[in-house]
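Please read them with the coordinates open.

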Amino acid sequence: MKKALTRQQYLDLYYFMRLNRAVEDTMVKLFRQNKIVGGLYSSLGQEAVSVGTAYALEKKDWLAPMIRNIGALLVKGVPPRDVFMQHMAKYDSPTKGKDGTSHFGDLENLHIISPISMLGDLIPVMTGVAIAGRYLGQKIVAMTWIGDGGSSTGVFHEGMNFAAVQKAPFVLVLENNQWAYSTPVKRQVPLENLADRAKAYGIPSYVVDGNDVVAVYTTAKEAVDGARNGEGPILIEVKTFRRLGHAQHDPAEYVPKEMRAYWEARDPIALYEKFLTAEKLLDANNKKQIDEKIEKLLSAERDFAENSPLPPAEFAAQGVYCTGDDCHKVAPKWERPIAEVTPPKSSVPAVWTVKGFGSGKASGGGSAPIHFGDTEKHEEKSKDTEMPEAVAEAIKASAQPRPVKSKSAKATPKKSAKPAVVSGKSSARKARR
Ligand SMILES: Cc1ncc(C[n+]2csc(CCOP(=O)(O)OP(=O)(O)O)c2C)c(N)n1
Ligand SMILES: [Mg+2]
């Protein structure tokens, strides 16, 4: 680990990793007390990924977490009580008790898009957020995460291709924790580095040690800066390990012992403490202060969550669907003159002209909508489209509108549409271990 950050940044990364772990430890206790509604997923051993990547974002940037990214929510500013209350389905939670995990967002202040359970679907959605931000002149970057398993869905590829061709300011963190449920990576992808998927879209990629928070942060920062500067989307593969089962129900006995031992010896928080101590950024006293700060905070947040009521039954049907302004205001926040991107400045001349269309006496002229009744008759006939006489007779007899022969509709584009070229700057780096 290289010393490249400010002391405050180093300590922030430490604090958020510790907070991430402590929030999840608290939820395991709540789960065992039967206070958690639904499943409970864990990011034990993956804290450096959520924290290091989200820490590279600015306040105005947007993120959408997956199940193992509670750390990213904490970095973005979500209070632990909201995470607890979501999992406990409490009335004061962001979804008012309508969800048992972290399916909540904050469009107004924190710029968080709610997770989507269908793996990969957040990729085109966040690409859309990134493009919308660019259109509105906001200079934002959008980020989301995907697992090794999720990177094999169709929508992953559609989304990445869309992001690449649009040069969207979008960063995708591919969290390779070696397992998708009980399937090891090698049994679902014939690649050593999942970052190589980026080559198919002509975008840059990185491979980074996901248990080294400084490496994760510095890589993510470079990616976020590049995306913000208009270089297009970037894929970061972080290599890490899912230390527990898929969720609380899964003892993960299928994980080889040696594999578990290897990664447990590389706990991201323990590794980072060693680094901070060696660099004289953390001593026993600072550590004690941080321990106490987290304990005090979580005890208050947990009390708040426990004291929040369950939702009253009569509210069950409310807030299920967005009902407009009384749900939330969705309005574009322009940060550039709207005239720059709206007609007449943005209007595009018609590309296609079709001889005869729109030139009839009742039409509005050359650019009028197609109006078959007024279309001039064209004499030439093409064998391919010529209608057999018997069919024509039958149509006439049934008084159907006169069919149009498309033979003379020679479409001439004014400008030839050039294929978009995306630079093939694929710079997969080896993991820095
Ligand atoms: C399209 C889709 N297929 C299947 C699932 C069910 N599912 C939920 S999580 C999961 C495993 C995901 O593994 P991975 O992407 O590696 O993420 P990890 O759990 O390791 O963080 C599956 C198959 C889903 N949610 N969406
Ligand atoms: Mg996985």
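1. A backbone N or O atom of Leu119 lies 3.1 Å from a nitrogen atom of ligand 1. A side-chain N or O atom of Asp148 sits 3.1 Å from an oxygen atom of ligand 1. Polar contacts here are pairs of N or O atoms within 3.5 Å. On its own, ligand 1 exposes 580 Å², and the protein buries 69% of that (Shrake-Rupley areas, 1.4 Å probe).

2. This is a predicted model: local features need pLDDT of at least 70, side-chain atom pairs count only at pLDDT 80 or more, and totals for chains, interfaces and linings use all residues. Residues are numbered from 1 along each chain as its sequence is written, chains are lettered from A and ligands numbered from 1 in the order written, and side-chain values use heavy atoms, without hydrogens and water.

3. Which residues come nearest to ligand 1? They are Arg68, Ser117, Gly150, Asn177 and Trp179, out of 13 residues around ligand 1 (a heavy atom within 4 Å). The shell divides into 5 nonpolar, 6 polar and 2 charged residues. In this scheme Ala, Val, Leu, Ile, Met, Phe, Trp, Tyr, Cys and Pro are nonpolar, Asp, Glu, Lys and Arg charged, and the others, including Gly, polar.

4. The magnesium ion (ligand 2) is coordinated by Asp148 (OD), Asn177 (OD1) and Trp179 (O), at 2.1 to 2.2 Å. Donors are N, O and S atoms within 2.8 Å of the metal (3.2 Å for Na, K and Ca); water is not among the atoms, so the site may look incomplete. The donor spacing in sequence is D-x28-N-x1-W. Asp148 lies in the loop between strand S2 (142-147) and helix H6 (154-165), and Asn177 in the loop between strands S3 (170-176) and S4 (179-180), so the pair ties together parts 29 residues apart in sequence. Helices (H or I, at least four residues) and strands (E, at least two) are DSSP runs, numbered from the N terminus.

5. Two backbone details deserve a look. The peptide bond from Pro343 to Pro344 is cis, with omega near 10°. Pro344 lies in the loop between helix H10 (284-307) and strand S8 (352-353). Lys167, a residue other than glycine, has a positive phi, near 50°. Lys167 is in the loop between H6 and S3.

Technical notes: A polar contact is a pair of N or O atoms within 3.5 Å; within protein, one must be able to donate a hydrogen and the other to accept it, and residues adjacent in sequence count only if both atoms are side-chain atoms.
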